[in-house]
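Please keep the model open while reading.

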Amino acid sequence: MRKNNRIPLSPCLRRFRFYFDLLGRTTKDYLFFTDLQENLVMVSPNLVNDFDLPGEIMHDFDTYWLPLVHPEERGPYQASISKALNSQGPCEHNMEYRVKSRKGEFVWISCRGRVGLDRDGKPSMFVGTMSRMAQRNQADEVTGLLNKYQFEHAVKLALAQYRATGEGGAIMVLGLDNFKIVNETYNRMTGDIVLKRVADLLANVIPPPLTLFKLDGDEYAFIYPGGTAEDVAEIFASVQSALSRPQDIDGHQYFCTASCGTVFYPESGKDYLVLHKHAEAAMDIAKREGKNRNVLFSKEQYNRWVRSISMRDSIWESVENGCVGFSLFFQPQVSAVEQKLIGAEALLRWKNPKGRMVAPMEFIPILEETKLIIPVGKWIVEEAVKTCKKWRRYVPDFRVSINMSYEQIKDLSFKNFVEECLERYDMPTDSIVLELTESKIVADWSFINKQFDAFRSQGIAIAMDDFGTGYSSLASLKNLSCDIVKIDREFVKKILENDFDRRLVQYVVDLCHSIGIYCCIEGVEEEAEYELLTKECKADAIQGYLFGHPESVADFEEKFLSLEK
Ligand code: C2E
Ligand code: CA
Ligand code: CA
């Protein structure tokens, strides 16, 4: 429908009207033609319709247009128009900004206009096109933010700016934590609502005139020319606080935090692809380090990340091929007073495809993250039970301690597997001990205790590993039902010089004994430590280099079992 507000055309507009209408039929873009002398504009009917303007011919266009321009872009819009119209020579107005449509939503439009001069060199007309960026695949459909192609364009502009002026800056890429759960638990529509809400929250937090972009999936980004590490930290703190309030989705409360990777240009890269890759890597590191945090890119950390990615592939391969490359080493445990071999702790080892031994600190977190610790954990139990059976021929009460990750205890098939394995090898339940690090236990004491009690009721002992390294060791002693406490080397290290640490170990052992818990001290390296721990602290068992390092099955048999034969 054509809207006609009956304003007569100026001679200049009349001259071009025919061509203007003809051109309008060839494109979805919006056209405008302004007679600057008369301050009269002629626009294509689609602009009138989509933005509910009074008519195709308007006096003083900006009285209608400016109120529709997004408040954040009104200033820059006016500045750009006034620069184009007041310049001495022909000048362009090229700008992307948001305008409120007839539906009341802000849409991104890209405007390209040019000022034409009359014979005296005075600006006489202003002509151009506007296009909706979503139609040209430039805006994200869900959030209305500019999309990844625009982000790429903006990063390239920022780099050009750096080359021209020497001013660098920061790029922050934010990814929602656990967004997959929203899509899985609810549906994509709910997911879209969350993405849009987060977009609005983030847009409110980042300081103007920075622009928020929407990348693929659940990621957002923005560029901060001149941004420093302090600026970035401040913005991220605001992001955290904006996202700390629960979102209400279909009546459910949902917490949606974000992890962030920050790169500085030109320090961390001088081209778009490198900067983007580095920012994504830093964000992935932020997620792996526990989410809801910001990681500033560093080359060393990136190299470690690349190594862990390739390690992850090799580990998958090892596991798929029946745990090839994995082996168990065993470290002897001796009774404190008699120094008799009573058992060993099974410690996992992994040789990468190049044959290099990788430290457990490097590969165990990967096994846990990928949940591969569940199949590998079963393999460990089987190997440990098999080995224990063999060694019981030399030491009848030999016990193998097996490390267990939190992931494994959450897996309800683990307990059945352990029991079935003991049965298969015809081994009593007191031949194994399951160790769990208390610092890994997040909160759910009652669930853990239920699992522990299920094992204990079968006669399988539970040990609390690394006692003294968590935040609330004494509290966990009270809350967790266990049979053995393994006091960490951290405590042992200083007992020779430090009276306080010695007394602390003494009290912990005392306390454990008073509630019937057995104490094993780890990391004993020196004779003097052993003397103190046994005589004064009254430890029950000792594990440490003083009595033996972790050894392969063959070496263990040769070093520790030949005498017992
Ligand atoms: P952890 O369970 O506390 O194991 C004891 C660690 O202390 C072992 O390191 C051992 O070699 C080391 N150690 C023993 N005696 C001494 C000593 O006298 N001095 C010093 N400085 N260190 C000593 P390792 O083998 O590198 O294992 C590191 C960690 O990896 C283990 O700590 C455990 O948390 C994890 N891990 C090892 N094997 C497994 C496994 O099969 N499953 C799981 N879930 N975690 C495992
Ligand atoms: Ca352990
Ligand atoms: Ca330990």
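Are Glu 345 and Lys 486 buried or exposed? Glu 345 is buried, and Lys 486 is buried as well, where buried means under 20% relative accessible area, exposed over 50%, and partly exposed in between (1.4 Å probe, protein chains only). The two residues form a salt bridge whose closest N and O atoms are 2.8 Å apart; a salt bridge is a side-chain nitrogen of Lys or Arg within 4 Å of a carboxyl oxygen of Asp or Glu. Glu 345 belongs to strand β15 (residues 341-351) and Lys 486 to strand β20 (residues 484-487), so the pair ties together parts 141 residues apart in sequence. Helices (H or I, at least four residues) and strands (E, at least two) are DSSP runs, numbered from the N terminus.

This is a predicted model, in which local features need pLDDT of at least 70 and side-chain atom pairs count only at pLDDT 80 or more, while totals for chains, interfaces and linings use all residues. Residues are numbered from 1 along each chain as its sequence is written, chains are lettered from A and ligands numbered from 1 in the order in which they are written, and side-chain values use heavy atoms, without hydrogens and water.

By the salt-bridge rule the count comes to 34. Another of these salt bridges joins Asp 284 and Arg 288 at 2.7 Å, N to O. Both residues lie in helix α9, four residues apart, about one turn of the helix. Asp 284 is partly exposed at 22% relative accessibility, and Arg 288 is partly exposed at 27%.

Strands β4 (residues 92-100) and β5 (residues 106-117) pair in the antiparallel sense over nine bridges; two strands pair if DSSP finds at least two bridges between them. Arg 98 has Trp 108 in β5 as its bridge partner. β4 and β5 form a hairpin with five residues between them, and Gly 104 in the turn has a positive phi of about 85°. A salt bridge also connects Glu 92 and Arg 114, with the closest N and O atoms 2.7 Å apart. This pair links β4 to β5 across 22 residues of the chain.

Strand β5 is in turn joined by nine bridges to strand β6 (residues 123-132), and the two run antiparallel. Gly 116 stands opposite Met 125 in β6. β5 and β6 form a hairpin with five residues between them, where Gly 121 in the turn has a positive phi of about 85°.
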